[in-house]
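Trainee: Could you take me slowly through one part of this model and say what surrounds it?

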Amino acid sequence: MHPPRPSAPHKSGLRVADLSSQRGRHVATPWGDYALYLVDGAPVCVQAFCPHMDGPLFEGTVAGGTVVCPWHLWRYDLCNGKRVDAAGLLDRRVLERLVVDMAADGELVLRPPTR
Ligand code: FES
């Protein structure tokens, strides 16, 4: 039996101005390793390591709202988490996401999605 996952929001220590549309920013959270990206000006948070073989997805190339894993070049849509490279169109794995909120002081706050 797994212990309950913490549900209190996690302060990332980052603001939108700290993010780039060119690369991810690794964030350690109570739910594991995630990465923050900037997609069309909005912050997006997905798992930091690749669902394939745990490659450092957060170090991947970011372009057009997608990130490419540096190990085997699987490409994921950052907005829906789905694999979008031609070889993986039937792959049903989806990147885990966290919801990103902005605190009154501008700090990005993360929390698990409600199911
Ligand atoms: S570990 Fe990311 S594509 Fe293989």
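Mentor: Once its neighbours within four places in sequence are left aside, Tyr37 is in contact with Leu19, Gly24, Val44, Val62, Val67 and Leu78, where contact means that the C-beta atoms of two residues, placed from the backbone, lie within 7 Å. This is a predicted model, in which local features need pLDDT of at least 70 and side-chain atom pairs count only at pLDDT 80 or more, while totals for chains, interfaces and linings use all residues. Residues are numbered from 1 along each chain as its sequence is written.

Tyr37 also belongs to the largest nonpolar core, which has 23 residues, and is listed with Tyr34, Ala35, Leu36, Cys45, Val46 and Leu57 as touching the most other members. A nonpolar core is a set of buried Ala, Val, Leu, Ile, Met, Phe, Trp, Tyr and Cys residues joined through C-beta atoms within 7 Å; a residue is buried if 20 or more other C-beta atoms lie within 10 Å of its own, with C-beta atoms placed from the backbone. In soluble globular proteins, nonpolar side chains tend to be buried together.

Strand E3 (32–39), strand E4 (42–47) and strand E9 (108–111) each supply at least two residues of this core, and the largest share, five residues, comes from E3. Strands here are DSSP runs of E, at least two residues long, numbered from the N terminus. Across the whole protein, buried residues make up 26% of the 115 residues, and among contacts between residues at least 6 apart in sequence, 38% join residues at least 24 apart.

Definitions and conventions. Buried ≥ 20, exposed ≤ 12 C-beta atoms within 10 Å, placed from the backbone. Helix = DSSP H or I, 4+ residues; strand = E, 2+ residues; numbered from the N terminus.
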